[in-house]
Amino acid sequence: QVQLVESGGGLVRAGDSLTLSCAYSIQTFNMGWIRQAPGKEREFVAAISRSGGTTLHADSVKDRFTISRDNDKKTLYLQMNSLKPEDTAVYYCAADRRVGIITKKAEYDYWGQGTQVTVSS
């Protein structure tokens, strides 16, 4: 019954790169990556349209992170470069069942279990 499964998190050094993956078994929806650091609310990271033709990235990760998807493989990706300690958080893969334009939001209908990304100085 698990429909979204993240993988790829880990402990890295500042400046390193990491790629997160999310295998999904649900329909092809608009999707996103949301992160949550201890004591903070969930924060929008990136979003992508159903086809992958449109993407949005938070200002805090713009030019460093890239969201992408492969619908044939039913997999969502988040390529993270030049990681900073402030990127440390649990990263969640999420999907939105509703049809519409993607936005910089942190509210979604379906969520994965999350994968921990820790960036040391």
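Trp 111 is partly exposed, with a relative accessible area of 28% (buried means under 20%, exposed over 50% and partly exposed in between, using a 1.4 Å probe and protein chains only). This is a predicted model, where local features need pLDDT of at least 70, side-chain atom pairs count only at pLDDT 80 or more, and totals for chains, interfaces and linings use all residues. Residues are numbered from 1 along each chain as its sequence is written, and side-chain values use heavy atoms, leaving out hydrogens and water.

Tyr 92, Tyr 108 and Trp 111 form one aromatic cluster. Rings of Phe, Tyr and Trp (its six-membered ring) pair if their centres lie within 6.5 Å; planes under 30 degrees apart are stacked, over 60 edge-to-face, and the rest tilted.

| Edge-to-face pair | Centre to centre | Between the planes |
|---|---|---|
| Tyr 92 and Trp 111 | 6.0 Å | 85° |
| Tyr 108 and Trp 111 | 6.1 Å | 85° |

Tyr 92 lies in strand β9 and Trp 111 in strand β10 (residues 110-111), so their pair ties together parts 19 residues apart in sequence. Strands are DSSP runs of E, at least two residues, numbered from the N terminus. Both tyrosines are tucked away: Tyr 92 counts as buried at 12% relative accessibility, and Tyr 108 counts as buried at 10%.

Arg 42 lies over the face of Tyr 92, at 4.2 Å from the ring centre, while the charged end of Lys 105 sits over the ring of Tyr 108, 5.2 Å from its centre. To qualify, NZ of Lys or CZ of Arg must be within 6 Å of the ring centre and within 35 degrees of the ring normal.

Notes. Helices (H or I, at least four residues) and strands (E, at least two) are DSSP runs, numbered from the N terminus.
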